[in-house]
Amino acid sequence: MSFLKKFTETAVYNAYSRAISIDFTIGKIYFFQPKLIDIIESFWGITIEQMMIENRENTIELESCITELIQKNIMFISNKKDVFPDIIYNELSYSEIENIHIIFKNSKFKNLEIIVDCIDLFKIKASKFNFKNCNKLEIVEIIQVFTHSKLESIECVFDYILNEIDSFFLEELISINGAITSMKFANLPENFQFENILHVDLLSEDIHYPKFTTSFNLFTESQKFNTYLNKKLFIGENEEIKNALESDKIFGYLDKLDSIDDLKEIIKSSQFQKFWNISKDLIDICKDCEFRHICVDNRIPHQRLQGGYYQINECNFNPYITKWINEEGYQSLQECGVISNEKGFSIDHEKIAKINALLWDEEEVEAE
Ligand code: SF4
């Protein structure tokens, strides 16, 4: 008696063009034919022998599917039925705000103490600090304020030229605040390296979206929430309070608040949280994309009057033909007959099928 089992730490799901599996233990993704998802589901709880009897006319195809699933480390054969239960996507975070992003124009923020109180109150663990027009002394003063906060990670973003950064200064910052986990730089000369700084990530600032992360926590969050906008608090260079850098709406100014209670009221409001639950499964185009559960996308979704969500700007990836904008054969959504705007959402399936036949059949022939 043998069962086809899926590894617990592997997630599989379907998209418009192909299915995907994500192995969280090694952070790898594999693509496969959508029909294999049905096979995985049909094997749930029944033996391989039973399956073969029930599908006598398709045993050769079934065997080749099983081989592919095993080769791609998605499934394995076990003689036990009740091993490796499927993933349970419980919400993993108990923080009310997960991430705070602050742009410091100088150290003249009047109400930094409110931010520290807010970090403690909402149990914020992760932060991103952009230092804009700050001199070294001002950066040190700001970092010092957060030394005893509950932050577990601080991602610092400096302007290499404006902030006059050198490795001694970076060492000093790390010694002041052990929560600094990464330092990113705008305007960093090409191939430049800081000497002796080994204990934090030192990277050029990467501002390109979408970004992919094969993290189980992100995958779990993506089931019900927007992975970029959920539980985010943004404080801009004029102390404006927003729910994301990219959002237009300002909910108040830090220097005008009387106490932490004012900030609490803003964060608890439904308007402030209005993007949190808009997962990619609810946004047209993204809902058909194989990357929707590993993707962080900083575009703000828009709601149609008649329901449904859309994005104004197209993503660099077209999930209907599985091509990136810089790849040969790429065509825009519009060129493929996919329309998503304030008026509605429609897909010309026939047109896409023709484009895919031309794109992929030709590539297969070329590869042979
Ligand atoms: S369409 Fe783009 S933004 Fe949407 S899930 Fe796919 S890669 Fe991410």
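Analyst: Two strands count as paired if DSSP finds at least two bridges between them. Helices (H or I, at least four residues) and strands (E, at least two) are DSSP runs numbered from the N terminus. The model is predicted: local features need pLDDT of at least 70 and side-chain atom pairs count only at pLDDT 80 or more, while totals for chains, interfaces and linings use all residues. Residues are numbered from 1 along each chain as its sequence is written.

User: How many helices and strands does the protein chain have?

Analyst: The secondary structure comes to 9 helices and 20 strands. The C-alpha trace spans about 75 × 50 × 45 Å along its principal axes.

User: Which domains does the assignment give for the protein chain?

Analyst: Domain bounds come from an automatic or database domain assignment. Here that assignment gives domain 1 (3–78), domain 2 (99–206 + 232–267) and domain 3 (281–367). Between domain 2 and domain 3, the C-alpha centres lie 35 Å apart.

User: In which order do the strands of the 3-stranded open sheet stand?

Analyst: In general, strands of a sheet pair through backbone hydrogen bonds, either parallel or antiparallel. In this open sheet the order is β2-β3-β4, and the pairing is antiparallel. Its edge strands, β2 (10–14) and β4 (28–32), each pair on one side only. From one strand to the next the twist averages 15 degrees. Strands β2 and β3 (residues 19–23) run antiparallel and are joined by 5 bridges.

User: At what angle does helix α1 run to β2?

Analyst: Angles are taken between N-to-C directions, from 0 to 180 degrees, using axes that are lines fitted to C-alpha atoms, for helices over the stretch in contact. Helix α1 (residues 35–42) runs at about 125 degrees to β2 and lies across β2, β3 and β4.

User: And the open sheet of 7 strands: what is its order?

Analyst: The order is β10-β9-β8-β7-β6-β12-β13, with mixed pairing. Strands β10 (201–204) and β13 (241–242) are at the edges, each pairing on one side only. For a parallel pair, take β7 (residues 126–131) and β8 (residues 153–159), with 5 bridges. There, A126 has S153 in β8 as its bridge partner.

User: What share of the 368 residues counts as buried?

Analyst: Burial is a neighbour count: a residue is buried if 20 or more other C-beta atoms lie within 10 Å of its own, exposed if 12 or fewer, and partly exposed in between, with C-beta atoms placed from the backbone. In the protein chain, 27% of the 368 residues are buried.

User: Why does F3 count as buried?

Analyst: F3 is buried because it has 23 C-beta neighbours inside 10 Å. It is found in strand β1 (residues 3–6). Leaving out residues up to four places away in sequence, F3 touches T47, I48, S78 and K81. Across the protein chain, 69% of contacts between residues at least 6 apart in sequence join residues at least 24 apart.

User: Which residues does I139 touch, beyond four places away in sequence?

Analyst: They are F131, C134 and N163. I139 sits in helix α5 (residues 136–145), and it is buried because 23 other C-beta atoms lie within 10 Å. I139 and N163 are 24 residues apart along the chain, with 8.8 Å between their C-alpha atoms.

User: What is the phi of N133, and is N133 buried or partly exposed?

Analyst: Phi of N133 is near 55 degrees, a positive value in a residue other than glycine. N133 lies in the loop between β7 and α5. With 13 C-beta neighbours inside 10 Å, N133 is partly exposed. I285 also has a positive phi, near 75 degrees. The loop holding I285 runs between α8 (260–268) and β14 (295–296), and I285 is buried, with 23 other C-beta atoms within 10 Å.

User: Which residues surround the ligand?

Analyst: A residue is near a molecule if its C-beta atom, placed from the backbone, lies within 6 Å of it. The ligand is surrounded by P210, K280, I285, C286, C289, F291, R292, C295, D297, C315, F317 and P319.

Technical notes. Contact = placed C-beta atoms within 7 Å.
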